[in-house]
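This report goes through selected helix contacts, sheets and backbone features. The sequence and the structure come next.

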Amino acid sequence: MSDDGSPADAPTTGSLGRSVRRKEDQRLVTGHGHYVTDVELPRMRHVAFLRSPYGHARITGVDAAAAREAGYRVFTGEDFAHVALRAQSALPSYVETDQPVLAYEKACFAGEPVAAVVAADRYRAEDGLELVEVDYEALPATVCAWDEPTEPVHPEAPDNVLLQRTFDAGSVSDAFAAADLVVERELVTNRHAGNPMECRAGVALWDAAAGKLTFWNGTQVPHIVRNMVAELMGLPEGNVRVIAPDVGGGFGVKAVLYPEDVALCLMAREMPGIPLKWVEDRAEHLLAATHARDHRYLMKAGFSAEGRLLAVEADVTCNVGAYSVYPWTAGIEPLMAGGLLSGPYKLENYRCTVRGVATNTAPSGPYRGVARPASVFAMEAMFDHAATRLGIDPIEIRRRNVITPEDIPYKMPSRLVDDSGHYAECLDKALDALGYDVLRAEQERRRGTDEPPIGIGVALYNELTGLGRAASAGPRMPFRTGHDACTVRMNPDGRVTVISGVTSQGQGLETTMAQIVADAIGVPYEDVDVRIGDTDEALWGFGAFSSRQAVIGGGAAHNTALAVKDKVLDLAAGLIEAAVDDLRIENGEVYVVGEPKPQISVAEVARVAYLESNRLPEGIEPGLDATRFFDPIRGAFAAGAQVAAIEVDRVTGELRILKYVCVEDAGRAMHPQIVDGQIAGSIAQGLGGAMYEHLVYDEAGNLSTGTLLDYLMPTSAEIPDMVIGHVSHPAANPLGVRGVGEGGTLGPNAVLAGALHDALGIDIDTLPISPASVWKELQ
Amino acid sequence: MKCAPFDYVRASSVEEVVKVLAESDGDGKILAGGQSLVPVLALRMARPSVLVDVNRIPGLGAIRPSGDAVEVGALVRHSRLVEQTNHPLLAEAARWIGHTAIRARGTAGGSVAHADPSAELPVVAVGTGATATVAGPSGVRSVAAEDLFLSALVTSLDEDEMITGLRFPLPTRWGFAEFARRHGDFALVTAVVTELGGAVRITLGGVASVPQRAAHAEQVLADGGTAREAARAAADEIDPTADLHGSAPFRRAIAGEMVRRALAQAGIGQE
């Protein structure tokens, strides 16, 4: 990262482009953050969930009498059988299925909530769970999505396929017939958990007199939660208030409305005036929060002798778990995989069938990078393999196929439109930073010695970010997530309050929104405060997912701030009797063109707007505020290149990362330090997935990796120093920004597998890469 | 993930510990550093009726050189083993235990009594021929490390006995090598090489239910074999089981390599 976090060409005025001090850090780093766990209310009670110990079982009886006799309030599946979570999509092949709030007819995965106990504290609540007797009749479990099911998860889908779609462009059969080389691989990627530092959490409180529900929820998507909870509970949406206070990481797993969330709200309505709190522990998180990335790719690619990619045919199976995740549907991973598989490469002939298959495992959902860490791995494996077979340098073969700026706008075979094209530039810069030629020479020198062999791996990717209404239409859900709202209020003292629909799980959105608004109006960054995460305050925001908030929430903040600026200028023009077009605002002062000294302060204008109506010019209303929506319609592709050099211990199979480089196009980097932090964090998460993290079920559907002793998260000791570089090509949106929240996760699988192929000539077909798996390939 | 109810006694003497444990009819547990016990309590995999907190008992926290050995009190924390210079092998082994927070609380007596076959200190105990001082209702006895570990998490201690101290002989030469998935994880394989009174011991952790001497490999060295030959013998004589992190053949190969590295560090059997 750069020394002070700011690029050398940082602007001299305004806050955008500079690593200003983050607004949220004072409280977060001094222990004054306020998370759902910190919510303490009078009469509060604690909830624990009884979870199915079976992967698949009929529930033949639930006996809560002993628990009730001991004084516990107990809820079972029958209590909420009238409510079901039913993720909807208009895609023709999609099979709609219900997810119960608490399982009552059968349990479909180990860890599924079956009953809930309310007690004075969590210890007693867990004591109460031991008094609830559930009778199960075990059913055969299906764990692997590409095995034949013996007993379907849902009767509506006898083959367990909840969704299937074929992407088709050009003619793959003609192209394969003309190809000089056809490469075929079967690739399997590993199932992950999101594992934010703060697990899921909720506090629900029902005010019976007002008929109003308040739900403190550690969510990425408070407005979606409000909308869904109101619908599921039959409440007017205005009577539901969702508050997402500080949230400690999300990564997608908190962009889902879970049965536990709905249960908590339904239980609260049964216990008016008593706040009910549930804080997920790590064991529950690994069992029952959404999983991801359990995929198989059957890949076939045709190349010309010169290494041109002629055709790709793929069959992608995604294990979507027991339920179609609410509200995103079982399509979230397969559709993303099929839409983005060809990545930043030119391709005319493409046939790809994707399917989401239900199994008796925890539901799969959105997780940072959604499907792309797997699809990039699959695509890059084609190039690595073809390069070896054709005797072409692995870098060169990519150069011959990558989309260039001249190709823009480039319509991908899935009909998504790439607006970037700057992949080769990212690659060049990354190879420079890596010291490619020096490493190739060292690699050569080591051949034939006892020293550990060196390998170099590369991945290029196009990360689709900030999806507007046209780009977010893929899963055809009954809503489009292309827009966000923002409200900007200038207060009577000239300071500004921003009430934004964005949410933050640590990404520094308060800072970014303040920078955008401060610069758009022309007031100091310090004079802007941002309030987020409360649906009673913000008009609307879909929340954090798809690397959308800088683009969409940021665009809304920018446009809204400009509207307020216009109001300030109109009022100022009247007050100082100048032409509005001659006015500009800088650092909280209003200047007239040609005058070196300010004519009036923004604070004085604001005071007039609220307190001195006697000074209001003719035709100007009191107040200085505005609310605007923004939708970019399309998305903004962020180009990225990752390269790394590794060395391998031939005896133990361990790999050591010598150097890791990432170069991305963030468009205009609004806060360079936050951008670098996003990239570094997502690469670390990608490396964790490539080398350590793996959720494993046994054949009966029991999770074998139920604690962090078995599910290995990378720590700082496992993550190498990295070099992060940037290219900057502003996107076509008000701020010129491209999302950077997820791209880093897309590279590591492909980079490390490619580097091992380069070092040892071995093919990595199954992830994660472990010493044991490398050792096995070397025997 | 909250523990079931239990009674709590803060003991002020070893005699009190033994008395409470005896009265609990085998249902009591000693709480020292808590680094292994508390997680299994939280998972409700252990449900003792009473926890006897030994942390305030005086006199159990000393490290003392004693002739050709070092005496370590049961309550000595791993972080102090790292810092001490009297027993370099112990210091090296303790560096591999968990992370800073775990080493700050975890105790020598607790780790040995817990008898995790992948933990570092049990391997060092067997590798150095350590003895444990054990207090029970009928007084104090000494137990050799080799007689202490019966199987995974099972020792020959009676339910009303407590380890009060450990005596680790000082090897004339030693080597320590460990292989784990991540820094601070329990070992897939630990190899400890010690030279005691001219004889070389090779002890492996993580390959069986208790720390295991590689007798054939030791014999190879005694017969003048090289480290490589001994490593191969060690790999051949063990019978490791597969788990999520590696197959049996992989563990066997890693064990051989760790023995080779530990012997190299000790300067034994080098060509």
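Which residues in α5(A) meet which residues in α6(A)? From α5(A) come A:V229, A:L232 and A:M233, and from α6(A) come A:V262, A:C265, A:L266 and A:R269. Six of the residues in this contact are nonpolar, none is polar and one is charged.

## Model and confidence

The structure is a predicted model. The average pLDDT of chain A is 96, and 98% of its residues score at least 70. In residues 1-8 of chain A, however, the pLDDT is below 50. That stretch has 13 contacts in the model beyond near neighbours in sequence. Where pLDDT is low, predicted coordinates should not be read in detail.

## Helix pairs in chain A

Helix α5 of chain A covers residues 222-233, and helix α6 of chain A covers residues 259-270. Their axes lie 11 Å apart, and the packing angle is about 50 degrees. The two helices, α5(A) and α6(A), are therefore oblique to each other. The crossing of α5(A) past α6(A) is right-handed.

A second pair consists of helix α16 (residues 672-691) and helix α17 (residues 748-760) of chain A. Here the axes come within 8 Å and cross at roughly 55 degrees; α16(A) and α17(A) are therefore oblique to each other. This crossing, of α16(A) past α17(A), is right-handed. On the α16(A) side the contact uses A:I683, A:G686, A:L687, A:G689, A:A690 and A:M691, and on the α17(A) side A:P748, A:N749 and A:L752. Sorted by class, the contact between α16(A) and α17(A) has six nonpolar and three polar residues, with no charged residues.

## The antiparallel sheet of chain A

In chain A, three strands make an open sheet in the order β26-β27-β28, with antiparallel pairing. At its edges are β26 (583-586) and β28 (600-601) of chain A, each of which pairs on one side only. Strands of a sheet pair through backbone hydrogen bonds, in either a parallel or an antiparallel sense.

Four bridges connect β26(A) with strand β27 (residues 589-592) of chain A, in the antiparallel sense. One residue pair can be named: A:R584 has A:Y591 in β27(A) as its bridge partner. Helix α14 of chain A, residues 549-576, lies across β26, β27 and β28 of chain A. The angle between α14(A) and β26(A) is about 120 degrees.

## Backbone features in chain A loops

Most peptide bonds are trans, and most residues other than glycine have a negative phi. The following sites depart from that pattern. The peptide bond joining A:I408 and A:P409 is cis, with omega of about -5 degrees. A:P409 sits in the loop between α10 (394-399) and β20 (410-411) of chain A. Another cis peptide bond runs from A:L767 to A:P768, and its omega is near 0 degrees. The loop that holds A:P768 is between α17 and α18 (771-778) of chain A.

A:S546 is a residue other than glycine with a positive phi, near 55 degrees. The position of A:S546 is in the loop between β25 (528-531) and α14 of chain A.

## Helix pair and sheet in chain B

In chain B, the axes of helix α10 (residues 227-237) and helix α11 (residues 248-266) come within 8 Å and cross at roughly 145 degrees. As α10(B) passes α11(B), the crossing is right-handed. The residues in contact from α10(B) are B:A227, B:R228, B:A230, B:A231, B:A234, B:A235 and B:D236, and those from α11(B) are B:R252, B:G256, B:V259, B:R260 and B:L263. The contact of α10(B) with α11(B) comprises seven nonpolar residues, one polar and four charged.

Chain B also contains an open sheet of three strands, ordered β1-β3-β2, in which the pairing is parallel. β1 (7-10) and β2 (28-31) of chain B each have a single partner strand, so one side of each lacks a neighbour in the sheet. From one strand to the next, the twist averages 25 degrees. Strand β3 of chain B, residues 50-53, is joined to β2(B) by four bridges, and the two run parallel. In this pairing, B:G28 has B:V50 in β3(B) as its bridge partner.

Definitions and conventions:
Residues are numbered from 1 along each chain as its sequence is written. Chains are lettered from A and ligands numbered from 1 in the order in which they are written. This is a predicted model: local features need pLDDT of at least 70, side-chain atom pairs count only at pLDDT 80 or more; totals for chains, interfaces and linings use all residues. Side-chain values use heavy atoms; hydrogens and water are left out. Two strands pair if DSSP finds at least two bridges between them. Contact means heavy atoms within 4.5 Å. Axes are lines fitted to C-alpha atoms, for helices over the stretch in contact, and angles run from 0 to 180 degrees between N-to-C directions. pLDDT is the predictor's confidence in each residue, from 0 to 100. Angles under 35 degrees count as roughly parallel, over 145 as roughly antiparallel, 65 to 115 as roughly perpendicular and the rest as oblique. A crossing is left-handed if the near helix is turned anticlockwise from the far one by less than a right angle, and right-handed if clockwise. Ala, Val, Leu, Ile, Met, Phe, Trp, Tyr, Cys and Pro count as nonpolar, Asp, Glu, Lys and Arg as charged, and the others, Gly among them, as polar.
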